[in-house]
Amino acid sequence: MIFKLETGFVLKKFLELKHSLLCALYFLIIAGLILPGGYAFAQEDTPQGPVYIVQDGDSLWNIALRFGVSLEDLQAANNITNAGQLTLNTPLVIPGLEGVNGVLTTSRVPLGENLRSLSRRYQIPSETLIRLNHLTSPGEIYAGANLILPVQETAAGPTRRTVLAPGQSLLELAVLNGTSTWELANTSSLESRWLALPGDVLHYPGGAAPGEEQPAGSSGENFNDSPGALPSLITGISLSPTPLVQGQAAFIRIDAPPGLQLEGSLAGYDLHFFPDEGGYVAMQGIHAMAEPGMYPLAISGTLSAEDGSASFSFSQNVFVTSGDYVYDPVLTVSPETIDPSITQPEDAQWLALVQEYTPEKMWDGVFAAPVPPEFAECWPSRFGSRRAYNGSEYRYFHTGLDFCGGVGTEIYAPADGVVVFAGPLTVRGNATMIDHGWGVYTGYMHQEEILVEPGDRVKAGQVIGLVGATGRVTGPHLHWEIFVGGVQVDPMEWLEQVFP
Ligand SMILES: [Zn+2]
């Protein structure tokens with residue numbers, strides 16, 4: 001009886017359990033049928049947050065790293081069970097970015113943009129750009145940096161740019177441009193009409209201004225290629241190379257009308273702009289020993305009243321990368337060769353020769369080799385190699401390019417110029433310096449004989465001296481230097497490329 005009762009109880013319990021298990025299984029099947037479809041629907045039509053389209057070469061790990069989310073969160077948000085399984089062109093929802101919508105793309109920051117201008121150009125709040133890119137300071141928006149941008153299909157139309165002059169009110173500026181203060185503030189994402197600062201570049205709806213390049217609005221882009229943080233009279237700005245390289249010259253070109261007075265600085269050096277083919281060019285050598293990293297570039301300009309009256313100032317960080325120079329074996333030299341009491345005054349004298357900026361550009365095209373063809377590609381030592389003397393640290397570098405050639409080999413001017421120095425020096429031996437204009441100079445050392453005098457105007461290919469072994473050398477050769485903006489740069493570049 002007891003046994004029977006118990007059996008019945010157990011059986012009843014078993015049936016109840018079986019029923020609930022079946023119910024659970026049934027629910028799971030139904031859920032399994034509905035959820036994937038329902039999920040796909042949600043992903044395609046109403047994504048919760050911005051999406052990223054999987055590109056060739058992407059891994060889930062790299063995507064998580066790029067957007068600063070955990071692999072687990074990324075998998076969960078997209079219902080991915082196998083992290084190794086990633087299909088090309090699949091839209092992935094990036095979690096943790098509530099309030100951000102659109103397709104996330106990576107774009108290189110051009111010169112002439114800052115956080116404010118990019119925010120206005122793409123009509124994205126600055127805070128969103130900061131969050132998306134994990135920026136800790138606006139200085140991280142350096143030229144050439146990779147920036148993540150949410151691109152929305154419903155983008156605003158092309159905008160025109162104008163700049164607020166000191167002492168000018170937003171109302172005056174609006175009237176001058178045929179727009180309203182409201183439109184200026186709205187299109188420029190100003191939180192209030194009182195937040196416009198003098199020199200601030202503001203945007204308002206409309207096509208390209210007269211003389212400004214037509215924006216690429218028709219092709220679906222909502223901006224033109226002109227630099228957004230600079231006034232519309234600047235139709236283009238470029239920097240090369242990007243990134244900048246230790247021991248190479250930086251070239252900045254600004255497309256703007258004549259009459260613009262430009263000033264600036266790069267990595268602490270003053271920039272000197274010269275008119276060139278409908279714009280302005282400044283060149284500055286980056287020191288071969290400059291620490292790789294970010295350096296500030298600042299440019300300001302004034303247009304006189306008769307030319308239309310405008311002023312602006314702009315700054316952006318630029319990146320300097322390593323020149324990958326080799327380390328020469330430690331050299332042993334006689335101590336007086338590196339005695340600062342001898343080298344420093346001579347270095348100062350040599351550098352003082354290259355500080356002037358002659359407005360006339362005397363060179364044209366690539367520089368010619370300064371030695372006869374049989375030695376033109378014979379280089380016992382290249383520019384930039386790191387050097388240590390008598391057990392010192394590697395704090396020296398080779399400041400020029402050495403050419404072979406026995407005593408008496410002819411030395412040629414590589415381009416037109418004016419001789420600014422010709423004479424004997426203790427370390428450099430018989431030395432010559434030629435000014436080629438725009439802050440570009442070439443120097444010649446250890447000559448047997450100097451065949452020019454200061455003030456001489458020389459032509460490209462003219463014999464200016466003879467190779468020798470004067471000064472502190474171990475054998476005859478020509479040590480040849482090129483200065484740009486008071487800094488030695490790799491002469492090899494000038495033999496191969498046309499600058500600027
Ligand atoms: Zn040398």
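Start by selecting residues 208-224 in this predicted model. Here pLDDT stays under 50, yet this stretch has 30 contacts beyond four places in sequence. Before you zoom in, a caution: where pLDDT is low, the predicted coordinates should not be read in detail.

Colour the whole protein by confidence and you have the background for both stops: the average pLDDT is 82, with 81% of the residues scoring at least 70.

Next, select helix H4, residues 115-122, and find serine 117 inside it. Is serine 117 buried or exposed? Its relative accessible area is 3%, so serine 117 counts as buried, the cut-off being under 20%. Show what surrounds it: setting aside neighbours within four places in sequence, serine 117 touches Gly112, Gly228 and Ala229.

On to the sheet. Select strands S7, S9, S13 and S12, in that order, and you'll have an open sheet of 4 strands with antiparallel pairing. At the edges sit S7 (236-240) and S12 (274-276), each of which pairs on one side only. Turn the view to follow the twist, which averages 25° from one strand to the next.

In general, strands of a sheet pair through backbone hydrogen bonds.

Methods:
Residues numbered from 1 in each chain as written. Predicted model: local features only at pLDDT ≥ 70, side-chain atom pairs only at ≥ 80, totals over all residues. Heavy atoms only, no water. Helix = DSSP H or I, 4+ residues; strand = E, 2+ residues; numbered from the N terminus. Buried < 20%, exposed > 50% of the residue type's maximum accessible area, 1.4 Å probe, protein only. Contact = heavy atoms within 4.5 Å. Pairing = 2+ DSSP bridges. Axes fitted to C-alpha atoms, helices over the stretch in contact; angles between N-to-C directions. pLDDT = per-residue confidence, 0-100.
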